[in-house]
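I set out here what I looked up in the structure, entry by entry. The notes begin with terms and sources, and then turn to the chain and to single sites.

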Amino acid sequence: MTPEAAMALAVEQADRVKGGTYPNPPVGAVILDADGEVAGVGATQPPGGPHAEVMALRRAGRKAAGGTAVVTLEPCNHHGRTPPCVDALLAAEVSAVVYAVPDPNPVAAGGAARLGESGVTVTAGVLGDAVAGGVLREWLHKQRTGKPHVTWKFATSVDGRSAAADGSSQWITSEAARTDVHRRRAVADAIVVGTGTVLVDDPVLTARLPDGSLAERQPLRVVVGKREISSDSRVLNDDSRTMVIRTRDPQEVLRALSDRTDVILEGGPTLAGAFLRAGAIDRIVAYVAPILLGGPVTAVDDVGVLSIAHAQRWRFDGITPIGPDVLLSLVPG
């Protein structure tokens with residue numbers, strides 16, 4: 001198996017545990033034996049549990065000796081809740097380590113250097129862009145900035161309307177798109193909406209499986225704004241925990257969620273506009289349906305743009321058909 005193919009398999013492992021490793025990163029690992037065959041795979045376990053390399057080494061056993069470890073993140077070189085992964089790799093007598101992304105945390109970094117000093121052949125950057133922009137995107141952002149990564153998620157008609165003129169919005173997009181939304185919720189740390197959305201739509205803001213049952217993992221539900229919401233609001237039920245933040249300032253919201261990594265903004269046009277004006281959105285995920293609604297209910301209100309020369313510039317990093325709809329992913333240009 002090539003290093004690229006093994007790394008793709010490691011990414012699959014990481015994707016399976018995304019959302020369940022917080023505050024640790026979702027990492028995947030593959031051990032190839034001396035003949036280049038897969039001997040073991042693994043992914044980071046919940047906090048306090050083994051890291052990806054240790055899980056993969058356990059499954060590989062003695063086949064790891066003389067083999068190659070392929071990991072999505074540089075193996076850690078510090079003793080936290082668990083011993084350094086570098087120790088486990090050296091004890092297993094692997095001859096090579098391949099990783100995608102260097103660890104930006106100065107406390108945990110240094111694994112590659114120590115492996116190299118111990119005679120292990122180290123290769124960095126294999127599928128690095130794909131990993132950094134994919135499964136590790138949010139965690140790397142948090143490491144760089146100290147702030148949670150915020151994704152503004154919304155559904156819209158092809159003419160940019162989030163509801164019909166009478167306010168009805170269920171459902172603009174298809175069941176396939178809604179299933180994808182619930183998948184994203186299930187791996188997020190928090191979902192943010194405004195009090196207006198709660199008062200008008202009374203959402204539950206849970207992550208659900210295709211059969212309608214609750215997903216095993218639920219994000220923190222966050223309601224932002226000055227207005228009071230009813231104690232009977234569904235967002236306050238027992239399906240998940242809820243935080244109410246009495247502010248309209250996006251930066252205050254981010255400070256209140258500073259211990260989170262992956263945050264989804266699902267609020268209406270007013271809240272979205274406020275976050276965009278504040279420069280507090282790191283990615284846009286738009287589900288666009290091939291319908292026309294017209295009318296006054298747009299997906300976002302004022303974003304502080306007075307002329308085309310001052311337009312906010314974003315670039316596509318993904319365009320994916322999803323059922324009859326299209327999923328657009330954008331990052332700042």
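I took helices (H or I, at least four residues) and strands (E, at least two) as DSSP runs, numbered from the N terminus. I worked on a predicted model, in which local features need pLDDT of at least 70, side-chain atom pairs count only at pLDDT 80 or more, and totals for chains, interfaces and linings use all residues. Residues are numbered from 1 along each chain as its sequence is written, and side-chain values use heavy atoms, with hydrogens and water left out.

**Entry 1: the chain**

I found 10 helices and 13 strands in the chain. The radius of gyration is 22 Å, close to the 20 Å that the globule rule gives for 333 residues, so the chain is as compact as a globular protein of that length. For this I used C-alpha atoms, the rule being 2.2 Å times the number of residues to the power 0.38. The C-alpha trace spans about 65 × 40 × 35 Å along its principal axes. I noted that 48% of the 333 residues count as buried (under 20% relative accessible area; exposed is over 50%, partly exposed in between; 1.4 Å probe, protein chains only).

**Entry 2: helix 10**

Which residues of helix 10 are buried? In this helix (residues 269-277), I listed Leu271, Ala272, Gly273, Ala274, Phe275 and Leu276 as buried. These buried residues pack against several elements, among them strand 6 (149-157), strand 7 (190-194), helix 9 (250-256) and strand 10 (262-265); contact means heavy atoms within 4.5 Å. Glycine 279 follows helix 10 and has a positive phi, near 65 degrees.

**Entry 3: valine 263**

I located valine 263 in strand 10. Valine 263 is buried, with a relative accessible area of 2%. Leaving out residues up to four places away in sequence, valine 263 touches Pro148, His149, Val150, Thr151, Ala190, Val192 and Leu257.

**Entry 4: serine 240**

I placed serine 240 in the loop between strand 8 (220-224) and strand 9 (242-245). Is serine 240 buried or exposed? Serine 240 is buried, at a relative accessible area of 15%. Beyond its neighbours within four places in sequence, serine 240 is in contact with Gln218, Pro219, Leu220 and Arg221. From serine 240 to arginine 221 I recorded 7.2 Å, C-alpha to C-alpha, across 19 residues of sequence. A polar atom of the serine 240 side chain lies 2.7 Å from the backbone oxygen of proline 219.

How values were computed. A polar contact is a pair of N or O atoms within 3.5 Å; within protein, one must be able to donate a hydrogen and the other to accept it, and residues adjacent in sequence count only if both atoms are side-chain atoms.
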